[in-house]
Amino acid sequence: MRTFDAQTEKDTCAVAAWLAERVSAGDVIALYGTLGAGKTAFCRGFIQSLIGNTEDVPSPTFTLLQVYDTPVFPVYHFDMYRLKTPDEAYEIGIEDAFAEGVSLIEWPEKIGSLLPKKHISVQIQIQTDYRKIAIEGLPHE
């Protein structure tokens with residue numbers, strides 16, 4: 001497990017960029033944290049590190065999924081917060097995402113057993129004046 005302290009959103013994005021350099025197509029990244037912990041900021045940093053900082057990376061809270069084509073693999077950014085049942089994830093193409101690209105999943109607990117056993121876990125915890133980011137399950141560590 002790797003842990004990082006992020007005092008700013010820029011720090012969070014730097015950690016996400018670090019992770020983006022270490023994953024490949026087929027990897028699933030599950031992001032855990034309370035509302036406002038920085039899950040979307042982490043995803044934004046991850047995606048922007050691959051396609052350039054000019055790309056707008058909104059939260060997929062209402063669309064549930066945003067797909068980004070990058071030079072190395074497609075990135076599927078899911079926000080599962082509004083799912084009522086895990087099976088709804090099939091309707092938005094979770095199987096294709098797992099097979100074709102890297103999946104960033106906010107609120108992975110909402111998909112239950114659909115989350116692959118082998119995945120990368122990113123835990124973001126709000127501390128007094130910073131965020132603690134713990135990354136576990138990297139394929140090459």
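I take buried to mean under 20% relative accessible area, exposed over 50%, and partly exposed in between, with a 1.4 Å probe and protein chains only. The model I am reading is predicted, so I keep to its thresholds: local features need pLDDT of at least 70, side-chain atom pairs count only at pLDDT 80 or more, and totals for chains, interfaces and linings use all residues. Residues are numbered from 1 along each chain as its sequence is written, and side-chain values use heavy atoms, with hydrogens and water left out.

**Entry 1: salt bridges**

I looked up charged pairs, counting a salt bridge where a side-chain nitrogen of Lys or Arg lies within 4 Å of a carboxyl oxygen of Asp or Glu. The background to this search is that side chains of opposite charge can pair when their charged atoms come close. The search by this rule gave me three salt bridges.

For the elements I name, helices (H or I, at least four residues) and strands (E, at least two) are DSSP runs, numbered from the N terminus. Lysine 132 and aspartate 5 meet through their side chains at 3.1 Å, N to O. This pair links distant parts of the chain, with lysine 132 in strand S7 and aspartate 5 in strand S1, 127 residues apart. I noted lysine 132 as partly exposed at 27% relative accessibility, and aspartate 5 as partly exposed at 49%.

Glutamate 9 and arginine 44 form another salt bridge, at 3.4 Å from N to O. Glutamate 9 belongs to helix H1 and arginine 44 to helix H2, so this pair ties together parts that are 35 residues apart in sequence. Arginine 44 counts as partly exposed at 23% relative accessibility, and glutamate 9 is partly exposed as well, with a relative accessible area of 46%.

Glutamate 21 and arginine 22 also meet in a salt bridge, at 3.5 Å from N to O. Here glutamate 21 is exposed at 65% relative accessibility, while arginine 22 is partly exposed at 31%.

**Entry 2: helix H1 and its surroundings**

I then turned to H1, which has 12 residues and reaches 16 Å from its first C-alpha to its last, close to the 16 Å expected at 1.5 Å a residue; the expected span is 1.5 Å times one less than the number of residues. Its buried residues are Thr12, Cys13, Val15, Ala16, Ala17, Trp18, Leu19 and Ala20. With contact taken as heavy atoms within 4.5 Å, I found that these buried residues pack against strand S1 (2-6), strand S2 (28-32), helix H2 (39-51), strand S6 (120-126) and strand S7 (131-136).

Alanine 17 lies in this helix, which covers residues 9-20. Leaving out residues up to four places away in sequence, I see alanine 17 touching Gly45 and Ser49. From alanine 17 to glycine 101 I read 84 residues in sequence and 16 Å in space, C-alpha to C-alpha.

**Entry 3: cysteines**

I checked for disulfides, meaning a pair of cysteine sulfur atoms within 2.5 Å, and the count comes to zero. Cysteine 13 is in no disulfide, and the nearest cysteine sulfur, that of cysteine 43, is 10 Å away. Cysteine 43 counts as buried, at 0% relative accessibility.

**Entry 4: positive phi and an aromatic pair**

What I had in mind when looking at phi is that most residues other than glycine have a negative value. Leucine 64 has a phi near 75°, a positive value in a residue other than glycine. I placed leucine 64 in the loop between H2 and strand S3 (65-69), where leucine 64 is buried with a relative accessible area of 15%.

Tryptophan 107 likewise has a positive phi, near 60°, and sits in the loop between strand S5 (102-106) and S6. Tryptophan 107 counts as buried at 13% relative accessibility.

For rings of Phe, Tyr and Trp (its six-membered ring), I call two a pair if their centres lie within 6.5 Å, with planes under 30 degrees apart stacked, over 60 edge-to-face and the rest tilted. The whole structure holds two aromatic pairs. One of them is tilted and joins tyrosine 81 to tryptophan 107, 4.9 Å centre to centre with 55° between the planes. Tyrosine 81 lies in the loop between strand S4 (74-79) and helix H3 (88-91) and tryptophan 107 in the loop between S5 and S6, so the pair ties together parts that are 26 residues apart in sequence. Tyrosine 81 is partly exposed, at 39% relative accessibility.
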